[in-house]
Amino acid sequence: TLLGKTAVITGSNSGIGLGIARELAKAGVNVVLNSFTDREEDHALAADIAAEFGVEAKYVSADMSKGDDCRRLIADAGACDILINNAGIQHVAPIQDFPTEKWDAIIAINMSSAFHTTAAALPVMRAAGWGRVINISSAHGLRASPFKSAYVTAKHGVVGMTKVVGLETAKEPITANAICPGYVLTPLVEDQIPATAIEYGISEDEAIEKVILAKQPSKEFVTVEQLGGIVTFLCSDAAAQITGTSISADGGWTSQ
Ligand code: NAD
């Protein structure tokens with residue numbers, strides 16, 4: 001049972017991270033939410049989860065682009081049985097025009113943060129005698145698209161790091177896995193719909209089906225509840241021998 005375990009979810013005041021936090025809380029897991037902001041509404045999200053699911057929940061502000069902040073997040077969490085590395089940003093541009101500061105930020109937030117949090121969390125998991133590291137990579141951790149050099153690089157890097165952590169913890173009751181979602185309708189993707197419609201001179205519905213979901217054969221978005229369910233499964237005893245690998249939830253994208 002996951003009752004009373006604590007999960008730290010990076011980048012969880014929105015989208016997939018928040019969805020995963022809610023699914024874990026539903027299973028009785030205490031949750032630590034995170035983003036780089038420190039607003040009343042961030043803390044309110046944690047209070048709402050605590051009230052709705054009867055678990056402990058708190059919000060810790062820490063900037064996942066900074067290594068020290070990543071490590072402090074694990075310390076401030078107080079416990080970390082389950083680590084979900086989810087914080088991520090996107091920027092789209094041809095490589096010759098790709099702003100260096102965007103490259104650095106994406107590599108830091110989408111990839112290096114998982115190095116720092118994992119390094120800080122493994123000793124905590126070892127002391128507790130159990131642990132789960134779950135990295136939210138992407139179909140772009142296994143496949144590429146043009147104009148997403150930093151994102152594809154970082155997400156492939158996360159899949160590689162997951163294999164290493166799986167090997168380094170192989171003899172312990174700790175597993176490390178990546179989840180590789182196709183498109184999920186979160187603010188990160190919603191923001192791309194109007195611009196895509198204008199760029200192609202088509203309706204927003206057509207932009208979703210023909211452009212955004214072009215590579216996703218199911219033509220359906222993955223949901224945050226489904227991803228939360230996969231996380232919960234990876235935390236279960238049934239998944240104890242699943243380690244160092246990645247699970248795709250992409251409507252068939254990477255079978256092509
Ligand atoms: P989102 O924009 O809703 O969420 C991103 C989260 O990261 C937010 O909570 C944001 O506050 C946080 N964040 C951003 N910069 C941060 C920083 N410096 N420090 C701490 N937190 C920071 O987007 P999402 O779609 O929920 O994305 C979550 C993860 O899922 C990302 O890693 C993304 O790459 C991945 N993913 C998304 C999709 C998709 O289609 N939406 C598909 C595959 C993978």
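**Around the ligand**

Begin by selecting the shell around the ligand, which by class has 13 nonpolar, 14 polar and one charged residues (Ala, Val, Leu, Ile, Met, Phe, Trp, Tyr, Cys and Pro count as nonpolar, Asp, Glu, Lys and Arg as charged, and the others, Gly among them, as polar). This is a predicted model, in which local features need pLDDT of at least 70 and side-chain atom pairs count only at pLDDT 80 or more, while totals for chains, interfaces and linings use all residues. Residues are numbered from 1 along each chain as its sequence is written.

The ligand is surrounded by 28 residues, the closest being Gly11, Gly15, Met64, Gly88 and Leu188; a residue is near the molecule if its C-beta atom, placed from the backbone, lies within 6 Å of it. Next select helix 1 (15-26), strand 2 (30-35), helix 4 (100-128) and helix 6 (187-190), each of which supplies at least two residues of this shell; helices (H or I, at least four residues) and strands (E, at least two) are DSSP runs, numbered from the N terminus.

Colour domain 1 (6-183 + 222-250) and domain 2 (185-220) separately: both give residues to the shell around the ligand, so it lies between them, with the domain bounds coming from an automatic or database domain assignment.

Now select the seven strands, which form an open sheet with parallel pairing in the order 3-2-1-4-5-6-7, where two strands pair if DSSP finds at least two bridges between them. Strand 3 (57-61) and strand 7 (245-249) stand at the edges with a single partner strand each, so one side of each is left without a neighbour in the sheet.
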